[in-house]
Every structure is written in structure tokens, then in C-alpha cells.
Amino acid sequence: VSPKRLRYKLRQYRVPVKYIEGWDSPGIDPYNGRSDFHGVMLHHTAGTNSLNYIVNTNPYAPVRACHFLVDRDGTVNVVSALGAYHAGRGGPWRFPKRGRDVIIPKNSGNSRLYGIEIESQGTSRRIDGSREGMTVEQVVSTAMLSAALLNAMRKGWRSWPVSRVIRHRDWTPRKVDVKQDIGWWHEVIGIARRNRKTPERGKQLI
């Protein structure tokens, strides 16, 4: 997915975005343009004010620690359209596909899955605005962002199914993020996708 197509799809799905300096620079890409995205992985930050760490102070900087960071107010920080280190060891994972399944090989999630970090301490599954849980705005923006990515990754106008979104804990069982059921996430992403042209209705339904 080119940075140009990504920007277009985020605008088309009305994702509230902020582009962080260097988001489309080859200099932050450890895979030299060879990433081939087939799905999305959801994380929580387990902290607060995580943007500086993700962009500047993580051990692999200038490589980014995810592709997107969703702030408490629902703003989506686009930190990398290219490569990022977020998935770590895990897998393999199989996405069913008519004709031939898509396999994400073991330990290769970084270059095959978009990483979304949601700013949350992650000790609660509640959507109650607490720092331990998440805000409604974060859930809505994450759902809209995921829907946009599922559309961007597939050629033409069709989208990949919501089952292409997994949690970090699905990829790596020792991880705990994110706490909400994956079926619930698939449901809210489906709502966002069906209401792309009426985002206020989508927000209400979510």
C-alpha cells in the first residue's frame, strides 16, 4: 500500500488523523519497501504519552514501534506508512481465503500486519474513559481506521473481511493486549465499514 493510497483511504473513511513527521520516509523503514500487508494487529500501549517513545526513544529508532497510535480523544497519529517493529515473535497465522489461504509466517508479523497502538494502560476491558480502559472515541477511531486499512490492502473497491484483524495476544499467547474479545472488535469494525458514508450514525451504533 503506497503512502498516497493510504492517505486517500484514511480520508475516504473519515479517520481523524494527524501525520507525524517522517511517516512516509524510507529512512524509517527497516524492510526497504518490501512490506506486504495482509492484516491488522491491535495493541494497547500499557502506558501514557507514548508518542515520543514510539517515534524517537524506542530501542530501534528511527524505526517506529507501530504504524498508528490512537490517542485518548480518538485522534489517529499516523507514524509509519511503511515498516515498523510491533508484532515481535509469534505466529504463524492463517487468514482463510477462497482459493488459497494467506499465511503470515512465524515471526514475520512486523512486515505483514499493520500495527495499531491504542493509548491505554490496558488493565481493564472497559470502554469507560478510564486510563485503565479505553474511551468511546478510541474505539470508534480504531474501528474506522481498521475498516480503511482492510479496504486499502485489497486492490479495487472491495475490502478484506474483518477477520483479517487480530489482537497481539492472538499472535503471541504470552501477550495480554488487547483485552476485549476479538469477536466484539470485528463487530464494531463491521459497523464502521457499513456506515462509512454516515460516520455519526456509525459512532452512535458503536
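Tutor: Let us begin with the words for the parts: helices (H or I, at least four residues) and strands (E, at least two) are DSSP runs, numbered from the N terminus. Arg14, for example, belongs to the loop between helix 1 and strand 1.

Student: What makes Arg14 worth a look?

Tutor: Arg14 is not a glycine, and yet its phi is positive, at about 55 degrees. One word about the source: this is a predicted model, in which local features need pLDDT of at least 70, side-chain atom pairs count only at pLDDT 80 or more, and totals for chains, interfaces and linings use all residues. Residues are numbered from 1 along each chain as its sequence is written, and side-chain values use heavy atoms, with hydrogens and water left out.

Student: Now the helices. Why are helix 3 and helix 5 called roughly perpendicular to each other?

Tutor: Look at the angle at which they pack. Axes are lines fitted to C-alpha atoms, for helices over the stretch in contact, and angles run from 0 to 180 degrees between N-to-C directions. Helix 3 (residues 136–152) and helix 5 (residues 182–194) pack at about 75 degrees, and their axes are 8 Å apart. The names go by cut-offs: under 35 degrees is roughly parallel, over 145 roughly antiparallel, 65 to 115 roughly perpendicular, and the rest oblique. Helix 3 and helix 5 are therefore roughly perpendicular.

Student: Which residues make the contact between helix 3 and helix 5?

Tutor: Contact means heavy atoms within 4.5 Å. Helix 3 brings Val139, Thr142, Ala143, Met144, Ser146, Ala147 and Leu150, while helix 5 brings Trp184, Trp185, Val188, Ile189, Ala192 and Arg193.

Student: How do the residues of this contact divide into nonpolar, polar and charged?

Tutor: Ala, Val, Leu, Ile, Met, Phe, Trp, Tyr, Cys and Pro count as nonpolar, Asp, Glu, Lys and Arg as charged, and the others, Gly among them, as polar. By that list, ten residues of the contact are nonpolar, two are polar and one is charged.

Student: What makes strand 1 and strand 8 edge strands?

Tutor: Start with the whole sheet, which is open and has six strands in the order 1-4-3-7-2-8, with mixed pairing. Two strands pair if DSSP finds at least two bridges between them. Strand 1 (17–19) and strand 8 (165–167) each have a single partner strand, so one side of each has no neighbour in the sheet. On average, neighbouring strands here are turned by 25 degrees against each other, direction ignored.

Student: How do you know that strand 2 and strand 8 pair?

Tutor: Count the bridges: three of them join strand 2 to strand 8, and the two strands run parallel. Leu42, for instance, has Arg167 in strand 8 as its bridge partner.

Student: Which peptide bonds are cis?

Tutor: Two to look for are these. From Ala61 to Pro62 the bond is cis, with omega near 15 degrees, and Pro62 sits in the loop between helix 2 and strand 3. From Gly91 to Pro92 the bond is cis too, with omega near 0 degrees; Pro92 is in the loop between strand 4 and strand 5 (93–95).
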